[in-house]
Amino acid sequence: MTGYASAQLEAPVNEERQNAPHRQLGLEIRSVNSRFLDLSFRLAEELRAQEPMLRALLTSRLKRGKVEVRAFFAETGDSGSLPEPSPQMLQRLCIVQDTVKAWLPQAAALSVADALRLCAAGSGPSTDWSEPLKKLAQGAIKDLATAREREGERLGATLLDRVSQLRALARQAGPLVPQLVEQQRQRFMERWKEAMGLAEGSVAPEMAQDRALTEATAFAIRIDVAEELTRLDSHLDEIEHLLKKGGEVGKRLDFLIQELHREANTLGSKSAAMELTRISVDMKVLIEQMREQVQNIE
C-alpha cells in the first residue's frame with residue numbers, strides 16, 4: 001500500500017564542535033504497492049550502523065509494500081559558517097601527507113576541501129545516533145501506518161462495490177439454469193416424437209420416452225451451476241466479513257480471490273447459453289480487478 005511520512009529532529013552537537021553548523025536529522029519513508037515486503041535503505045554514512053534497528057522497526061509494523069527509507073543530515077542556521085580545524089589536527093594531516101608522498105610521490109596534495117572534511121571527521125568523538133533515530137523512526141512509521149490505513153479504507157470500499165456487482169451477476173445466473181433445462185427437455189421430447197414417427201412403431205414408445213428423459217436429466221446435471229453459485233456466494237460473504245473486520249487480511253483475501261476465479265471459470269465451462277457465458281466473463285473481469293486491489297492490502 002502506498003504512503004509517505006517524514007520527520008525531523010535537531011541533531012545533538014558535540015562540545016568539541018561548538019563552532020560547527022547545526023545539523024538536523026531527517027527521515028523519510030515511502031511505501032508503494034507490492035505483494036511482499038521489500039525494504040531498501042538510503043542512509044547517511046554516520047547512520048549506516050542503524051540499518052538493523054530500522055529494519056526491525058519496519059518489519060514489526062509492516063507486512064507488505066515496497067518501502068524506501070532515507071535518513072540524512074541537513075545543516076540549519078548559518079550555512080556559510082565552517083568548522084575551524086585545530087592546529088593539532090592540521091599538523092597531523094601534514095605529517096600523514098608527507099608520509100604518503102614519501103611512499104607515493106605521484107599522489108595529489110590535499111585540497112582545502114579535503115583538509116576541512118578530514119578535520120571535521122576526526123575533530124571529536126562519533127555521536128551515537130541510535131536513540132534519536134529510533135525516536136524519529138517510531139513517529140514516522142506511525143504516520144506511515146495512518147496514511148496506509150486511509151488508503152486501505154478506500155480500497156475496502158472499492159472491493160465491497162465489486163462484491164455487490166458479483167452478487168448481482170450471480171442473481172442473474174441463478175434463474176437461467178432451470179429455464180435452460182426446461183427448454184432442453186422440450187427439445188428432447190420433440191426429438192422423441194420425431195423419432196417415433198420415423199420408427200413407425202418399431203421402437204416401444206416407453207423406451208424412446210425414457211431415453212429422451214434420461215438425456216434431458218444428464219443435460220440438467222451437466223449444466224447445473226447451483227453448487228458453484230453457492231460457493232461463490234459463500235466466498236463473497238467471507239470477503240465482506242474480512243473487509244469489515246480489518247487487520248492483516250491481505251493473504252486471506254488473496255486465497256479467496258483465487259477461489260472466486262475458480263468458480264467463475266467452472267460457471268463458464270458449464271455454460272449452455274450466451275447469457276451465462278456473458279455473466280461468467282463479466283464475473284472474471286470483476287474478480288481480476290479485485291485481485292489487483294487485494295495485492296495492495298496488508
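Guide: Start with a crossing. The crossing of α1 and α4 is right-handed. Keep in mind that this is a predicted model.

Visitor: What makes α1 and α4 roughly parallel or antiparallel to each other?

Guide: Look at the angle. Helix α1 covers residues 51–61, and helix α4 covers residues 130–173. They pack at about 25°, with axes 10 Å apart. Angles under 35 degrees count as roughly parallel. So α1 and α4 are roughly parallel.

Visitor: Which residues make that contact?

Guide: From α1 come Met53, Leu54, Leu57, Leu58 and Arg61. The α4 side includes Leu133, Ala137, Ile141 and Ala145. By class, the contact of α1 with α4 has 8 nonpolar, 2 polar and 3 charged residues.

Visitor: How do you know how α8 runs relative to α9, roughly parallel or roughly antiparallel?

Guide: Use the angle again. Helix α8 (residues 250–269) and helix α9 (residues 274–294) cross at roughly 165°. Their axes come within 9 Å. Over 145 degrees counts as roughly antiparallel. Therefore α8 is roughly antiparallel to α9. Their crossing is left-handed.

Visitor: Which residues of α8 and α9 meet?

Guide: In α8, the list includes Leu253, Asp254, Ile257 and His261. In α9, Ile279, Met283, Ile287 and Val294 are among them. The contact of α8 with α9 divides into 11 nonpolar, 6 polar and 3 charged residues.

Visitor: What makes α4 roughly parallel or antiparallel to α7?

Guide: α4 and helix α7 (residues 226–245) pack at about 160°, their axes 10 Å apart. The cut-off is over 145 degrees. So α4 is roughly antiparallel to α7. The crossing is left-handed.

Visitor: Which residues of α4 and α7 make the contact?

Guide: Leu159, Val163, Leu166 and Arg167 are among those of α4. The α7 residues include Leu232, Leu236, Ile239 and Glu240. There are 11 nonpolar residues in the contact of α4 with α7, plus 1 polar and 4 charged.

Visitor: Now single residues. Why does Arg64 count as buried?

Guide: Arg64 is found in the loop between α1 and β4 (65–76). Its relative accessibility is 4%. Buried means under 20%. So Arg64 counts as buried.

Visitor: Where does Asp254 lie, and why is Asp254 called buried?

Guide: Asp254 is part of helix α8. Its relative accessible area is 11%. The cut-off is under 20%. Asp254 is therefore buried. Beyond its neighbours within four places in sequence, Asp254 is in contact with Arg35, Arg64, Val294 and Gln295.

Visitor: How do you know whether Lys244 is buried or exposed?

Guide: Lys244 lies in helix α7. Its relative accessible area is 61%. Exposed means over 50%. So Lys244 is exposed. Lys244 and Ala157 stand 87 residues apart in sequence, with their C-alpha atoms 9.6 Å apart in space.

Visitor: Why does Ser111 count as partly exposed?

Guide: Ser111 sits in the loop between α2 (87–103) and α3 (112–122). Its relative accessibility is 34%. Buried is under 20%, exposed is over 50%, and partly exposed is in between. So Ser111 counts as partly exposed.

Visitor: What joins the side chains of Ser111 and Asp114?

Guide: A polar contact of 3.0 Å. Again, the limit is within 3.5 Å.

Visitor: Step back now. How many helices and strands does the protein chain have?

Guide: The count is 9 helices and 4 strands. From the N terminus on, their order is β-β-β-α-β-α-α-α-α-α-α-α-α.

Visitor: How many of the 298 residues in the protein chain are buried?

Guide: Buried residues make up 33%. As for contacts between residues at least 6 apart in sequence, 80% join residues at least 24 apart.

Conventions. Residues numbered from 1 in each chain as written. Predicted model: local features only at pLDDT ≥ 70, side-chain atom pairs only at ≥ 80, totals over all residues. Heavy atoms only, no water. Helix = DSSP H or I, 4+ residues; strand = E, 2+ residues; numbered from the N terminus. Buried < 20%, exposed > 50% of the residue type's maximum accessible area, 1.4 Å probe, protein only. Polar contact = N/O pair within 3.5 Å; in protein donor to acceptor, adjacent residues only side chain to side chain. Axes fitted to C-alpha atoms, helices over the stretch in contact; angles between N-to-C directions. Parallel < 35°, antiparallel > 145°, perpendicular 65-115°, else oblique. Left-handed = near helix turned anticlockwise from the far one by under 90°. Contact = heavy atoms within 4.5 Å. Nonpolar A, V, L, I, M, F, W, Y, C, P; charged D, E, K, R; others polar.
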